[in-house]
Amino acid sequence: MAQKIITIYTDDLTGAEESEASTHHFSLDGVEYEIDLGPDSYEKLLEALAPFMTGGRKLGRGKKLTGRNVVARPSQDAAAMRAWAKDSGYSVNERGRVPAEIREAYANR
């Protein structure tokens, strides 16, 4: 007997099926949260948290997650990352989530 397993990824914010959804972690007041977001919802999260991250003090990055898990870093402006990536020879789309490889390179520049 053959068996076929289908995994459907869903954006926790919109409830929509999202093939590019990935898991993001953040914490507030010692409580850790995990949310699965598609690229558009992830950008909304980054935009919403950016002013607070800019005004706050960075305590460190914590442990790095692997696989589909990506740590949200709201202080990184997507437009600035895209501009830096293009100037540095990376190929990056105008919309959607900036690839992890580019985010990492931008953070370590």
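Just after helix α2, Gly89 adopts a positive phi of about 90°. The model is a predicted one, in which local features need pLDDT of at least 70 and side-chain atom pairs count only at pLDDT 80 or more, while totals for chains, interfaces and linings use all residues. Residues are numbered from 1 along each chain as its sequence is written, and side-chain values use heavy atoms, with hydrogens and water left out.

The protein contains 3 helices and 3 strands; helices (H or I, at least four residues) and strands (E, at least two) are DSSP runs, numbered from the N terminus. Along the sequence these elements follow the pattern β-β-α-β-α-α. Of the 109 residues, 27% count as buried, where buried means under 20% relative accessible area, exposed over 50%, and partly exposed in between (1.4 Å probe, protein chains only). The accessible surface comes to about 8,000 Å², and 51% of this surface belongs to carbon and sulfur atoms; accessible areas come from the Shrake-Rupley method with a 1.4 Å probe, and for residues only the protein chains shown count as cover. Among contacts (heavy atoms within 4.5 Å) between residues at least 6 apart in sequence, 44% join residues at least 24 apart.

Helix α2 spans residues 78–87, and its buried residues are Ala78, Met81, Arg82 and Ala85. These four lie on the same side of α2, because they cover an arc of only 100° around the axis. The arc is that of the directions from the helix axis to the C-beta atoms. An α-helix has 3.6 residues a turn, so residues three or four places apart point the same way. The exposed residues Ala79 and Asp87 are carried on the face of α2 turned away from its buried side. The packing partners of the buried residues of α2 are α1 (39–55) and α3 (100–107).

Helix α1 includes Glu43, a buried residue with a relative accessible area of 13%. Leaving aside residues up to four places away in sequence, Glu43 touches Ala78, Gly96, Arg97, Val98 and Arg103. Ala78 is also one of the buried residues of α2.

Strand β1 (residues 22–28) includes Thr23, which is buried with a relative accessible area of 12%. The side chains of Thr23 and Asp36 are joined by a polar contact of 2.5 Å. A polar contact is a pair of N or O atoms within 3.5 Å; within protein, one must be able to donate a hydrogen and the other to accept it, and residues adjacent in sequence count only if both atoms are side-chain atoms.
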